[in-house]
Amino acid sequence: MEGRSEAVNRRVGVLAQHLSLQGPTMDEQILIGAAPCLQYVPPERHEGPAKFNPAALHKLLVRDDGDVHKEMFNLFANTKIFWSNPDPPRGHVYTSMDYNATKEQQRDITFERIIYLRDRGYFKGWLTDDSPASVRRKSAMHEAISMFDQSMAVKLGVHIHLWGGAVKYLGTKRHHDKWLARTEDYEVAGCFGLTELGHGSNVRGIETVASYDPAREEFIITTPCETAQKYWIGGAAMHANHTVAFAQLHMNGRNEGVHAFIVPIRDAHGRVMPGVRIADCGHKTCLNGIDNGRMWFDSVRIPRENLLNAVADVTADGRYISPIPDPDQRFAAFMAPLTGGRVTLAISAVNQCKVGLSIALRYALTRRAFALTAGEEEVLLLDYPTHQRRLLPLLAKTYVLNLAVNGLRELYLSRRPSDVKDIHVQSSGYKAMNSWHMLRTLQECREACGGMGVKSDNRIGHLYAEHDVMTTFEGDNVVLMQTVSKAILADFMAAKRKGKPMHGLGLEHLNGPRVPLSTSSNRAILRDPKFHLALFRLRERDLLERLATRVNVLVSAGHSISDALNQSFQLSSDLGRAHAELEVLVAATNVLQGLQAGALKDVLTLLTTLFATVTVDEDPVFLRYGYVSTEQGQAVHDEVALLCKEVRPHTLPLVHAFGLPAHLLGPIAFDWVDFESWKNVEQGRDKWSGQVAHL
């Protein structure tokens, strides 16, 4: 064994040779030539057997959706239209968007793939069959599509969930009978005309105007200024022929607020309708398979019946009527379709993490770099503690978020009117938290794969680019986290004012006294689930009380409640995150409590412990406000590395439990040596636009 200094000197010498302009001597060339070539070894050969049942864990993650996922994945794998390369080298079939394609080509193939599914009846019942089995199948199919290609998932989601959902939930029977079945068949191709050049998150401020003409029983939709143009409308640039246009309804000299109207934008031949102007939003940094467009309405007349009237209606003679007299509640009802979008994105973000982690971790279990001592085999990337610290906490958090988002999905699919507030707050927090986690995960996976993470074939870099926008659409993440904290604060202050206990939003723990926390840095304490739960609850309680105190002080000094909240944005953001992460920990804890003792429960407990511990390590508020001592903070920091080391032997079976087929991953997840071999270059040379250079 050579000493540490000798090893350092040897590495310096190797690097110096790399940088030297003078090539190796003949003797050195012989030595280099005598070294054995690296060989790809599947991780299944050298990793130990699973200590738990990956199939059982997969079932826990996907519940009853696994068969639908498998059905869709098999369809993608066996149908050329879904392949990223229609003539793959030596059978290396991968399914995704071809990101070398132009914007126009990506749009064409995305639409062709949707029509392929439509022609085979895959969308039947998506809007017209509300049976539990049909609703769950639709949800599972859309999840599988999002793991395949986000452009396709979003374009389909705009058509079905946003346009179709608006017609279904904001409309009444006359709209359902006329539009829903035709939407499933794509006879009607819909888009969702909500956001404008001047207003995105602030929907109440949109400037498109709708007025009513009682003489002709028609609404008149008008774009009064450039900032009122509808912007980022998916489907508008090419394929949509109808939109749900959101506009301020002006009636009898009064603005009744935002309402939704069905407006034809193209005729049966694809020609833009009179009075409608449409322009393309152009090339984007992501999702170029979606034809985002801009729309202007020049006094476009539509029948009175095209008002989606479940929330409010206008009689033939021009009287405004609504069963919801409060304008705030009425506005909330009009925004209901967006809640389903946030639930979908919260789920999709977790699924994209699974794809990225499956690629990066399989590569880390086969790629070697540096030998610790001369003559020894180079070390697997994942056997370096630094690599473990980069990826395994993200793996743990992805598992815990999956358990939590399953609960949100069930709540949404079986929702009752009384669940609306809970779904709104929980989906807002989860969408923000999960999409931020997704971007961090994909970026870390990209970096952890080195140069191979940059290559488009290997997907990770493009996954990041394609999903970066998830932090923006369906609500800006920062705004959504403040929405969460505002809802919690409102309930807290109302309960204080009325002298009643807290109820709902998971805030019942505030009704009791603060639970005293141990100040010990003992490992058993730091890993105790009860300690984690009490610590996360303390964080939420203290941040909420601090926010309430600060807002009350500012209001007492003459500030409006809105201004007081704006000035308290740091506390508000911290509280939103604290609430969302507490909800996740509670959800995971509930799942664990329902499992029988055994290896599966043990590994999930380990992952949950790592999630909780790394959260404490990375969120500065735990030390800032003294929820843990500096000694505990240091012990927690050290504990993260130890937990990563304990998770390391379970890595491959945890990846297996994600249940993703090879064609959804990238070449570096498997035999990357064979994929990059010269024989594959020769096989594909005639298909390349350029020439292969022979040196």
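Accessible areas come from the Shrake-Rupley method with a 1.4 Å probe.

**View 1. The surface of the predicted chain.** This is a predicted model. The protein chain exposes about 31200 Å². Carbon and sulfur atoms supply 55% of that area. Buried residues account for 53% of the 695 residues.

**View 2. The whole fold and its extent.** The protein chain contains 25 helices and 13 strands. Its radius of gyration is 28 Å, close to the 26 Å from the globule rule for 695 residues, so the chain is as compact as a globular protein of that length. The C-alpha trace spans about 100 × 70 × 50 Å along its principal axes. How many of the contacts between residues at least 6 apart in sequence join residues at least 24 apart? The share is 74%.

**View 3. Charged side chains.** The protein chain carries 77 positive side chains and 77 negative ones. The centres of the two sets lie 3 Å apart.

**View 4. Glu217 in a loop between two strands.** Strand E2 covers residues 209-213, and strand E3 covers 218-222. Glu217 is found in the loop between them. Its phi is positive, about 50°, although Glu217 is not a glycine. Most residues other than glycine have a negative phi. Is Glu217 buried, partly exposed or exposed? Its relative accessibility is 35%, so Glu217 counts as partly exposed. The partly exposed class lies between the buried cut-off of under 20% and the exposed cut-off of over 50%.

**View 5. Leu505 in a loop between two helices.** Helix H15 runs over residues 477-498, and helix H16 over 523-526. The loop between these helices holds Leu505. Phi of Leu505 is near 60°. That is a positive value in a residue other than glycine. Is Leu505 buried or exposed? Leu505 has 6% relative accessibility, so it counts as buried.

**View 6. Confidence along the chain.** The mean pLDDT of the protein chain is 91. A value of 70 or more is reached by 93% of the residues. Where does pLDDT stay under 50? One such stretch is residues 12-34. There the model has three contacts beyond four places in sequence. Another is residues 686-695. For that stretch the model has nine contacts beyond four places in sequence.

Technical notes
Residues are numbered from 1 along each chain as its sequence is written. This is a predicted model: local features need pLDDT of at least 70, side-chain atom pairs count only at pLDDT 80 or more; totals for chains, interfaces and linings use all residues. Side-chain values use heavy atoms; hydrogens and water are left out. Helices (H or I, at least four residues) and strands (E, at least two) are DSSP runs, numbered from the N terminus. The radius of gyration is taken over C-alpha atoms; the globule rule is 2.2 Å times the number of residues to the power 0.38. Buried means under 20% relative accessible area, exposed over 50%, partly exposed in between (1.4 Å probe, protein chains only). Contact means heavy atoms within 4.5 Å. Lys and Arg count as positive and Asp and Glu as negative; His and the chain ends are not counted. The place of a charge is taken as NZ of Lys, CZ of Arg, CG of Asp or CD of Glu. pLDDT is the predictor's confidence in each residue, from 0 to 100.
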